[in-house]
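Please read this briefing alongside the sequence and the model shown below. The points are grouped by topic.

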Amino acid sequence: MPKKESPPVTATLASVLQKRKQKAAAYDVLPTKLEGISLRVEAGEKPQVLKRALGKLAIAATEYAERKAELSALADQQKQPEKEIKDLAQAHEGLRGIQSDRDNFKLNVFPKHSITWNVDKLKESLGLAYDSVVREELDVSIIIPNGFPTKKGPLTSELLQEALIKGLVGLGLPKEQLAMIVDPQVVANIDEAKLGELVTDGRINLLEGTGEVTETWAITVDPLRKP
């Protein structure tokens, strides 16, 4: 009667934490009865792997390693045509890809933009419309709306810092050191779609330097027809 394979070992919290202390995993290499095949195991461990399981592991690992090498080679081969496609799209205004009926594919190439905002200039540009486009929040690992009503008036970063320090001092932490580590930041959450409408409609003009745009290009490929 064939021997049953051992159930998988479930990692415990203690074992995971202990391994994280190690700078790099230490492995031993154990020979097997299969010619040219060895097992890589955790240092000091000697798992009993049945011949059938060892054969499955060897076949699956060989297939995986071969395909990984092929994919890495293909990824390197993609770099040159990818650059050419992006360069051509950037050199021809409005060009966004190509499609082939013969080879059954459609390729799109398009710019993606991210914006780094200068909040002070944005506030100056928007004027009274600022509160309808930007929501300010205080970030201290918790999110509270900036200006939230309190017994001491609308919540500000200074007021929140004062309250946090007071609470921590009550727990016995030194007040003179808390100001260095309790530092609420005002985070601006900008409704870019609404801001875009205001700019498009001509209702506002953004000051120079209000936002810095970073452009990257992306490529997608899909079949024209399903098989």
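Arg-67 and Glu-63 sit four residues apart in helix H2 (residues 51–91), so about one helical turn separates them. The model described here is predicted. The protein has seven helices and 10 strands, and buried residues account for 15% of its 227 residues. Of the contacts between residues at least 6 apart in sequence, 54% join residues at least 24 apart.

- Glu-63 has a relative accessible area of 39%, so it is classed as partly exposed.
- Lys-86 and Glu-82 are both in helix H2, and their spacing of four residues is about one turn of the helix.
- Lys-86 is buried because its relative accessible area, 18%, falls under the 20% cut-off.
- Lys-123 is partly exposed, given its relative accessible area of 39%.

**Helix H3**

- Helix H3 spans residues 119–126, and its buried residues are Leu-122, Ser-125 and Leu-126.
- Viewed down the axis of H3, these buried residues fall within an arc of 90°, so they line one face of the helix.
- Asp-120 and Glu-124 are exposed residues on the face of H3 that is turned away from the buried side.
- At the start of H3, the backbone nitrogen of Asp-120 has a side-chain oxygen of Asn-118 within 3.2 Å.
- Gly-127 follows H3 and has a positive phi, near 60°.

- Thr-210 is located in the loop between helix H7 (192–200) and strand E10 (211–222).
- The relative accessibility of Thr-210 is 2%, so this residue counts as buried.
- A polar atom of the Thr-210 side chain lies 2.6 Å from the backbone oxygen of Leu-207.
- Leaving aside residues up to four places away in sequence, Thr-210 touches Thr-116, Trp-117, Asn-118, Lys-121, Leu-122 and Ser-125.
- Among these contacts of Thr-210 are Leu-122 and Ser-125, which are buried residues of helix H3.

- Three strands make up an open sheet with the order E3-E4-E10, and their pairing is antiparallel.
- Strand E3 (97–100) and E10 are the edge strands, and each of them pairs on one side only.
- On average, neighbouring strands of this sheet are turned by 20° against each other, direction ignored.
- Strand E4 (residues 105–117) and E10 run antiparallel and are joined by 12 bridges.

- Strand E1 (residues 27–31) and strand E2 (residues 38–42) run antiparallel, with five bridges joining them.
- Leu-39 in E2 is the bridge partner of Leu-30.
- E1 and E2 form a hairpin with six residues between them.
- Gly-36, in the turn of this hairpin, has a positive phi of about 80°.
- Gly-44 lies in the loop between E2 and H2.
- With a relative accessible area of 65%, Gly-44 is over the 50% cut-off and so is exposed.
- From C-alpha to C-alpha, Gly-44 and Ala-26 are 9.3 Å apart in space, while in sequence they are 18 residues apart.

Technical notes. Residues numbered from 1 in each chain as written. Predicted model: local features only at pLDDT ≥ 70, side-chain atom pairs only at ≥ 80, totals over all residues. Heavy atoms only, no water. Helix = DSSP H or I, 4+ residues; strand = E, 2+ residues; numbered from the N terminus. Buried < 20%, exposed > 50% of the residue type's maximum accessible area, 1.4 Å probe, protein only. Polar contact = N/O pair within 3.5 Å; in protein donor to acceptor, adjacent residues only side chain to side chain. Contact = heavy atoms within 4.5 Å. Pairing = 2+ DSSP bridges. Axes fitted to C-alpha atoms, helices over the stretch in contact; angles between N-to-C directions. Arc of directions from axis to C-beta.
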